[in-house]
Amino acid sequence: METVKVTIDGREVQVPKNSTILAAARAAGIEIPTLCYNEDLDVKGMCRVCVVEVEGSRTLQTACSQPVSDGMVVHTNSARVRQARRVNVELLLSNHPQDCLSCIRNQRCELQTLADQLGVRELRFPHRVRAEEKDISTPALVRDPSKCILCRRCVEVCHQVQGVGALYPVNRGFDTTIAPAGGVDLGSVACVQCGQCSLVCPVGAIYEQDHTERVWAALADPDKHVVVQTAPAIRVSIGEEMGLEPGAVTTGQMVAALRRLGFDKVFDTDFSADLTIMEEGHELLERLEKGGTLPMITSCSPGWIKYIEHFYPDLLPHLSTCKSPQQMFGALAKTYYAEKAGIDPANIYVVSIMPCTAKKFECQRPEMTDSGYPDVDAVLTTRELGRMLRESGIKFSDLPEEEYDDPLGISTGAGLIFGATGGVMEAALRTVYEVVTGETLASLDFTDVRGLEGIKEAEVDLKGKKVKVAVAHGLGNARKLMDLINEGKADYQFIEIMCCPGGCIGGGGQPIPTTREIRQKRINAIYRADAGMPLRKSHENPAVQTLYKEFLGKPLGEKSHHLLHTQYTKRVKYPEKAAEV
Amino acid sequence: MSYFRAHVLVCAGTPCMLKGAGAVKDALCREMERAGLQEEIRVVETGCLGPCDDGPVIVVYPEGVMYSKLKPEDMSRIVQQHLLKGRVVEELVYRPEKGKTKPVVSLEDQGYLDRQYRVVLRNCGRIDPDSIEEYIANGGYEALGKALTGMTPEQVVETVKASGLRGRGGAGFPTGLKWSFTAPITADQKYIICNADEGEPGTFKDRLILEGDPHSVIEAMAIAGYAVGADKGIIYIRGEYHLSIERLQRAAARAREMGLLGKDIFGTGFNFDVEIRTGAGAYVCGEETALIESLEGKRGEPRLKPPYPGVAGLWGKPTVVNNVETLANIPPIILKGAEWFRSIGTERTPGTKVFTMLGDIANQGLIEVPMGITLREVIYGVGGGIPNGRGFKLAQTGGTSGGCLPKEFLDLPMDYDTLAEAGSALGSGALLVIDDSHCIVDVLRSFMKFFQHESCGQCTPCREGTYRLYELFSALADGKAGQDVVKLIKELSQAMQLSSLCGLGQSAPNGVVTALKYFEDEILRHAAGECPAGVCRALTTASRAV
Amino acid sequence: MPVNSATERKKSLRQVIAEHNSDPGALLDILREAQEIHGYLSTAVMEEIADQLGIPVSRVYGVATFYTLLATEPKGKHIIRVCESPPCHIRGAVNILETLQEVLGVNPGETTEDKKFTLELTSCLGVCGVAPAMMIGDQVYGNLTPERVKEILKTYE
């Protein structure tokens, strides 16, 4: 690789040509403060915090964007640099609510950290805050435009990564805001509530709707039997939220922590993930045999479901009719489990711990009440669970490992890998192969569908019958596959789509930051945990087998249809235009 | 073309039109018809003739007599006396310096123009802008022919480089150098963009060039296209400039009809065509990368540089963006050579500059003078001094993003580098003269009001800073600011100049920074509750500062 | 000139978009022409444009709110744009604005109750030679004084 020599703060470094000053400084062990910069996103150079002095330049240059050149001399800490940085941060703070103590991002805020780091100790400009109210119109997210610092990370994620485009800069100059079109709230536009915006927001301008209060209230209610389910991705991310390194697998501690919070039963969504494979796998086989709509597409990810409902409503017949594992769990908790435990389902309160904000939207969809009650009562994201654990003073890393409760806590590695992109596909293939061929797989690892590549393909030989599958994560990638279907160019039989980049481990409710590197570490943790499981195929889950024996009968049976399957709603992309017609 | 014994040029520049040039022209035509002259004398609407303050203006050729401040009822006398009998109507003749008696008889040797040197405005007011024939008759499209048939693209770039021509949009970047970045790049598509998004307050030179001589810009774009290997030109023009847009469209259509645009121009195999696109009201789109964003159908927000447009511009393709006035210089440079161009103006900045003179100055309007002319020569010479017996307080050169220069700078030669060293800018050539009845705080507040309205809102220092400076100067004007505000203004201005993303934010505080240097006392007195000029209503008037 | 019937307007808009080959690069031109047809850019109009161009409506709205010549809300019959640039300011633009506010009874950005006038501020109109200046519709008025402003307004009665 071609390299150039640059001098930064008197230190010479040899760095690859075309490196930015920021990268070169890091190579020299010098940390330049940044704000709008995010390693996974396009360089924006808007906040003007990372400015540095480049000899020969009249003005300061942004380290995040400026490429180095041979012989360049850079000063990252001159008086002019310090003053410009401080003034810029002071300007942002003067236009900010300054209610840090009660902000949801208190002590986890990039602006707050920066102000401290740069030594901003007084705010000399009059305090002015954009007089805009909080937008609480969606069940999943809260927008607080008064806190927005206009870094536009959310805009990029929403447009470029997810291809949704719900938010965009509006107006100009001092009046600029980031908002949906037409001056309406987020709930009125085609937002899928994936929460990827909340994951990149440096401050408290977009965050999850908080369910912790209602969960505390349920836990305190002596008449309520409160059960909790944990999504596959939580065990590889809650540790991070509690201060451990990314990629730590903390299943046992998490179970213990939840018991200490006071949940009556600690169950596992991995159980209903195994169940999903049984239902969805048989649905695929049925469609293959009976000539149903193909390719069949997975339906576990509620952000993805809302996306296809808004953007590709004509393709809804391609979706599997299976409810997501969260909703299957809820429906069974208030029927099968209630019956088995002899508890009135009216008194059962189901809490989900999810890596996802869209799950908050999903659980309040009107069709998710097949048990006769809301199948799921409250959804906590990983971040909210972290807040509850901190509030209750639980020392997470010191906890002993504990086991899930029976029967809805028993699962296999197949259910666990739902947390990573490609996991549903791999779990389905493990089961479908063995069901169709009657043979045992030599290797359970379908590595073609693993990893962070945007769209992955694989072909499986089911004893002479070839099945072609595809996996996409991130809605921008999903769109590409949908367009292929529309153009008649998708020769797949089965497609897995996860709304968020990396799958659920990269969900909008996950710890902040969630970078590409961290996503990869969580994925590695998922497959490490899978490899260590005694059972790794959904059809071998004894609790699932018992469930069919005792309650459901058979996959796709009548009871399954009633409790575990659902239908979808065509939604509009353009509400005003639709209202006109 | 039939022969006319005389031409009457009626200035149809916007200032004259506002003053009733339309009615004057109608009356003229009526009177000529009554006198039966319509077959032998031709009436032509032209672009700006210059002395806008004294409009409506007409010039009668071949004598070149300029009449000013005309009313429709004057036309009968001009037709009867001048056009029929050949006698100049003395009392209507334009007098450049008020109160002095000597009227100007010939346009060529009149006092108004004798300090001027017309390169860019060579055709403005002399030809019918809607007539490609007249443009050609005055040497138009000869430069394009010379370049295409007698020069290699490299030679064209070299000639422009050697001429020392610098961008007239404001930054003063050497034009030939700009072209030389784009020329060697291999690309399936390159673009020439003419930046006609003239928004700098007090600047209307580009509009008058386009209204008065649209072909000169089209010809220059074709030459630029040949030089750098681009076959597509785009003129991005302010949406408010209705007349310029119409004239450009007609000019491009005529050039196309005559084979001067389109395929295989002059049989050389060179293809070039232009498209006219309009802005929608955003000052920042004068910044070349914001302009490109706007052309791509986006918010006009400046891009980070590098990459520079010369390498990756419109749709990621190599793009040369040149200002209208810059381009209008190109055909004469190609025809007359780099040496000729260097003989005008100064060593570092050859050529002429078109200035718009505004504010408290006797002769408002447009002039073209050699680079390096002093403020004093412009204000007290061509400009006719300061009216109403007031004294000179300051001049802001370069438009609202320029600095405020007090009388110590009156003898400063005006070119890019000298003005930049003084903390101001040559910029677009707007020259705002402010007399001593005005208050510096009130003036600065007006500057900042402009910028906080026009900041695109992308980067922190400009978005928040322009608003805060406006707020701080409002506080000073309202008597609500303390002495420490000056330190804050200084720090903020410096941060904006040093760390804003584009030229808008970097130059927005120039007026403030220079005013803090030269008028600090007046600003501080506001903090103490006094407005020496007696302008700020909330404050008491102290004894007048001289 | 705003086109009259709703169906005609819809047709004209589609035609405008088709003339620009549904090219998102021509968004600014399309918005300007759409505004000519509809008088202003309603959310429904912007949604139609977004749909035809295949871009998010949020981007259309973001562009429409960036440029001052584009309006996302209905305006009065006559739009008065007062130049507030420094050259006009030093020649007394403040008095002109105050006169307009007083006579019309609205602040900049507002429309009179009878929907006749919308008062707006504009950056330089480029007619500084006749400062202070304003535009009503496409018509420019220069060398304004408070008295002249009142007279001019009367001609719009």
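How much of the accessible surface of chain C belongs to carbon and sulfur atoms? In this predicted model, the share is 46% of about 6600 Å². The C-alpha trace of chain C spans about 50 × 30 × 20 Å along its principal axes. Of the 157 residues in the chain, 57% are buried.

Chain C holds 7 helices and 4 strands. Their order from the N terminus is α-α-α-α-β-α-α-β-β-β-α. Among contacts in chain C with a separation of 6 or more, 58% join residues 24 or more positions apart. The chain carries 15 positive and 21 negative charges.

The largest nonpolar core contains 167 residues. Within this core, W179(B) and I49(C) touch the most other members. Helix α10 (residues 214–228) of chain B supplies the largest share, 10 residues. Beyond its neighbours within four places in sequence, I49(C) contacts L13(C), I17(C), L27(C), I30(C), L31(C) and A34(C). A second, separate core has 63 residues, including L118(A), I149(A), A472(A) and I495(A). In soluble globular proteins, nonpolar side chains tend to be buried together.

In chain A, helix α17 covers residues 516–531. Its 16 residues reach 23 Å from first C-alpha to last, close to the expected 22 Å. The buried residues of α17(A) are I518(A), R519(A), R522(A), I523(A), A525(A), I526(A), Y527(A), A529(A) and D530(A). Their cover includes α5 (196–200), α7 (238–241), α14 (413–416) and α15 (423–437) of chain A.

Technical notes:
Residues are numbered from 1 along each chain as its sequence is written. Chains are lettered from A and ligands numbered from 1 in the order in which they are written. This is a predicted model: local features need pLDDT of at least 70, side-chain atom pairs count only at pLDDT 80 or more; totals for chains, interfaces and linings use all residues. Side-chain values use heavy atoms; hydrogens and water are left out. Helices (H or I, at least four residues) and strands (E, at least two) are DSSP runs, numbered from the N terminus. The expected span of a helix is 1.5 Å times one less than its number of residues. Buried means under 20% relative accessible area, exposed over 50%, partly exposed in between (1.4 Å probe, protein chains only). Contact means heavy atoms within 4.5 Å. A nonpolar core is a set of buried Ala, Val, Leu, Ile, Met, Phe, Trp, Tyr and Cys residues joined through side-chain atoms within 4.5 Å. Accessible areas come from the Shrake-Rupley method with a 1.4 Å probe; for residues, only the protein chains shown count as cover. Lys and Arg count as positive and Asp and Glu as negative; His and the chain ends are not counted. The place of a charge is taken as NZ of Lys, CZ of Arg, CG of Asp or CD of Glu.
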